[in-house]
Amino acid sequence: MGLVLGPLRRGPADPTFRTAPDGSAVRATRTPVGPGTLRVVADGQGVRAEAWGPGADWLLERLPEMLGAADDPAAFVPRHRLLAASQRRHPGLRLCRTGLVLESLIPSILEQKVTTIEANRSWRHLVRKYGEPAPGPYGDPPENRRGSRMYVMPDPRTWAMIPSWEWHKAGVDSKRSDTIARAVRVARRLEEAAAMEPGPAAARLELIPGIGPWTSAETLQRSNGAPDAVTVGDLHLPGIVGYALAGRPDTDDAGMLELLEPYAGQRHRAVRLILLTGRTPPRRAPRMPVGRIAHL
């Protein structure tokens, strides 16, 4: 389950996602019918799930798709030895499909042009301050576990009402906060993209100023389970793909797309398999510094 649901987690302290020592995964999310909390655990007999809140039935009904039932791993044919080996080592890899656009779109916008650490910190701050406690036991932990409370992200109206100084405290610049504000104003239309084919869905998302191919791909990989939604415009990904498939760490977006051409229709799955190998080019420069906009 970690392979399938891992992309939904925004950092180790994500207040909307948790894993437990027994292997279970818990998600707190906002469905079209209201907030809900879902707990899923896999064992030798299959998958068991329980849910709480107004969105409980919605989450349980769509659980198979979230776990990759609509995905077709057999459609992927490895053409590189590295990918063939990665596929053998990770036979449980399926692409999840949440059917929810905004919950993946907003954290993807927060990740634009900053480090993952900064984006995850902003997400935590905003969800904990403006979200609501998750329905069920995970939203109201015992006194000695107060810090482990889970939250459902804010609804579109609440996102739109966050004042500029609170975005600043969360470390989010005006370009990203304005993009989120524009997106939540048409939240219903964007959520419709979850039922569309990836091409038209990406076109709809990219009608919003500030949302480009990088952000739409990162969103549709999760909301639609899009197997070909390859992320372009990423700082590191072209070099990782180029190094893994051709030994070229200086590969750019055009070179990455050329290398992934044999996997047309399955390029996102190919990238996931590459990333699972852990094969990355040697670091040639210091890490990008973690900024703190709130300190300015």
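1. A polar contact is a pair of N or O atoms within 3.5 Å; within protein, one atom must be able to donate a hydrogen and the other to accept it, and residues adjacent in sequence count only if both atoms are side-chain atoms. The side chains of Thr29 and Glu103 make such a contact, at 2.4 Å.

2. Some ground rules. This is a predicted model, in which local features need pLDDT of at least 70 and side-chain atom pairs count only at pLDDT 80 or more, while totals for chains, interfaces and linings use all residues. Residues are numbered from 1 along each chain as its sequence is written, and side-chain values use heavy atoms, with hydrogens and water left out.

3. Back to Thr29. This residue sits in strand S2 (residues 25-31); helices (H or I, at least four residues) and strands (E, at least two) are DSSP runs numbered from the N terminus. Thr29 has 3% relative accessibility, so it counts as buried (under 20% relative accessible area; exposed is over 50%, partly exposed in between, with a 1.4 Å probe and protein chains only). Setting aside residues up to four places away in sequence, Thr29 touches Gly34, Pro35, Gly36, Leu59, Leu100, Glu103 and Val152. Contact here means heavy atoms within 4.5 Å.

4. Leu63 belongs to helix H3 (residues 63-66). Its relative accessible area is 11%, so Leu63 is buried. Beyond its neighbours within four places in sequence, Leu63 is in contact with Leu38, Val40 and Ala49. Leu63 and Leu38 are 25 residues apart in sequence; their C-alpha atoms are 9.1 Å apart.

5. Now the aromatic rings. Rings of Phe, Tyr and Trp (its six-membered ring) pair if their centres lie within 6.5 Å; planes under 30 degrees apart count as stacked, over 60 as edge-to-face and the rest as tilted. The count by this rule is four aromatic pairs. One of them joins Trp52 and Tyr138: centres 5.9 Å apart, planes at 70 degrees, so edge-to-face. Trp52 lies in strand S4 (residues 46-52) and Tyr138 in the loop between strand S5 (132-133) and strand S6 (151-152), so the pair ties together parts 86 residues apart in sequence. Trp52 is partly exposed at 22% relative accessibility, whereas Tyr138 is buried at 18%.

6. The rings of Trp123 and Trp159 have centres 6.3 Å apart and planes at 15 degrees, so this pair is stacked. Trp123 is in helix H6 (residues 116-130) and Trp159 in helix H7 (residues 156-161), so the pair links distant parts of the chain, 36 residues apart. Both are buried: Trp123 at 3% relative accessibility, Trp159 at 1%.

7. Which residues of helix H14 (residues 253-260) are buried? They are Gly255, Met256, Leu259 and Leu260. Viewed down the axis of H14, they fall within an arc of 130 degrees, so they line one face of the helix; the arc is that of the directions from the helix axis to the C-beta atoms. The face turned away carries the exposed residues Ala254 and Glu258. Cover for the buried residues of H14 includes helix H13 (237-246) and helix H15 (267-277). At the start of H14, a side-chain oxygen of Asp252 comes within 3.3 Å of the backbone nitrogen of Ala254.

8. H15 also meets helix H4 (residues 81-89): their axes come within 9 Å and cross at roughly 80 degrees. Axes are lines fitted to C-alpha atoms, for helices over the stretch in contact, with angles from 0 to 180 degrees between N-to-C directions. H4 and H15 are therefore roughly perpendicular (65 to 115 degrees; under 35 is roughly parallel, over 145 roughly antiparallel, the rest oblique). Residues making the contact include Leu82, Leu83 and Ser86 of H4 and Ala270, Leu273 and Ile274 of H15.
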